[in-house]
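Let's take a walk through a protein, starting with its overall layout and ending with a couple of single residues. Have a look at the sequence and the structure before reading on.

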Amino acid sequence: MTDMVPSPGHGGSGSEINDDGHESINNSGGLFRSRSLVPEVFDRETMNAVLKEWKTSMKDLPLDLQQACMTGALSSANLTRFLCLNAQSSFVRLLARLIPSHVYTDFTSKIMADPSLPYKLCLEALFSLGYSVWMDTRGSSALSIKRSKVILAQITTIFMSNSILNHVYLD
């Protein structure tokens with residue numbers, strides 16, 4: 001199955017060359033207009049061109065990606081996704097840097113497959129935290145120190161169970 005990715009330089013500008021040789025603006029379709037798609041390429045020359053465009057070399061890639069490039073198992077689109085993930089400072093990159101190195105490759109491959117995964121995990125944790133605090137505090141008017149310790153213990157338990165379930169889900 002060939003995965004198709006939109007090319008950033010083709011089809012997204014909304015301009016066309018008409019029969020007179022002049023450029024005309026075509027904004028029909030707006031955000032959902034059709035874009036030309038470029039198929040993934042697996043050859044070595046394309047990989048080197050992508051790496052050169054990102055001003056990096058094969059040695060700068062992680063060992064598993066180096067091996068995939070050498071054997072031709074990595075496509076140019078996947079390499080570009082990985083370089084985008086590591087090039088921009090973002091919340092996803094921060095999470096990828098904070099996790100242990102033995103989990104890093106699995107986490108990176110999951111993010112490349114689903115770029116919104118870290119946001120989904122954090123949103124799930126925030127929902128469970130908010131719901132837990134709301135359920136524990138909705139019936140009481142005054143919050144004592146003893147009650148707040150119980151709530152803190154429950155929140156810690158919820159976060160631990162969430163992290164265990166997410167670890168099982170991610171593996």
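First, some ground rules. This is a predicted model, so local features need pLDDT of at least 70 and side-chain atom pairs count only at pLDDT 80 or more, while totals for chains, interfaces and linings use all residues. Residues are numbered from 1 along each chain as its sequence is written, and side-chain values use heavy atoms, with hydrogens and water left out.

Now the big picture. The protein has seven helices and four strands, where helices (H or I, at least four residues) and strands (E, at least two) are DSSP runs, numbered from the N terminus. Along the sequence, the pattern reads β-β-β-β-α-α-α-α-α-α-α. Of the 171 residues, 24% count as buried; buried means under 20% relative accessible area, exposed means over 50%, and partly exposed is in between, using a 1.4 Å probe and protein chains only. Take the contacts (heavy atoms within 4.5 Å) with a separation of 6 or more: residues 24 or more positions apart account for 53% of them.

Start with helix α1. Its residues Met 47, Val 50 and Leu 51 are buried. Seen down the axis of α1, the buried residues fall within an arc of 100 degrees, so they line one face of the helix; the arc is that of the directions from the helix axis to the C-beta atoms. These buried residues pack against α2 and α3. Turned away from that side are the exposed residues Glu 45, Lys 52 and Glu 53.

What comes after α1? It is Lys 55, with a positive phi near 55 degrees, in a residue other than glycine. Lys 55 sits in the loop between α1 and α2 and, at 78% relative accessibility, counts as exposed.

Next, the inside. The largest nonpolar core has 19 residues, and among those touching the most other members are Leu 51, Leu 61, Phe 82 and Leu 83. Such a core is a set of buried Ala, Val, Leu, Ile, Met, Phe, Trp, Tyr and Cys residues joined through side-chain atoms within 4.5 Å. Two or more residues each come from α1 (44-53), α2 (63-71), α3, α4 and α5 (101-113).

Zoom in on Leu 83, in helix α3, which counts as buried at 9% relative accessibility. Leaving aside neighbours within four places in sequence, Leu 83 is in contact with Val 50, Leu 51, Trp 54, Thr 56 and Leu 61. The C-alpha atoms of Leu 83 and Trp 54 are separated by 7.6 Å, though the two are 29 residues apart along the chain.

Finally, see how α4 meets another helix. The axes of α4 and helix α6 (residues 117-137) come within 9 Å and cross at roughly 80 degrees. Axes here are lines fitted to C-alpha atoms, for helices over the stretch in contact, and angles run from 0 to 180 degrees between N-to-C directions. The two helices are therefore roughly perpendicular to each other; angles of 65 to 115 degrees count as such, with under 35 roughly parallel, over 145 roughly antiparallel and the rest oblique. Phe 91, Val 92 and Leu 95 of α4 make the contact with Pro 118, Tyr 119 and Cys 122 of α6.
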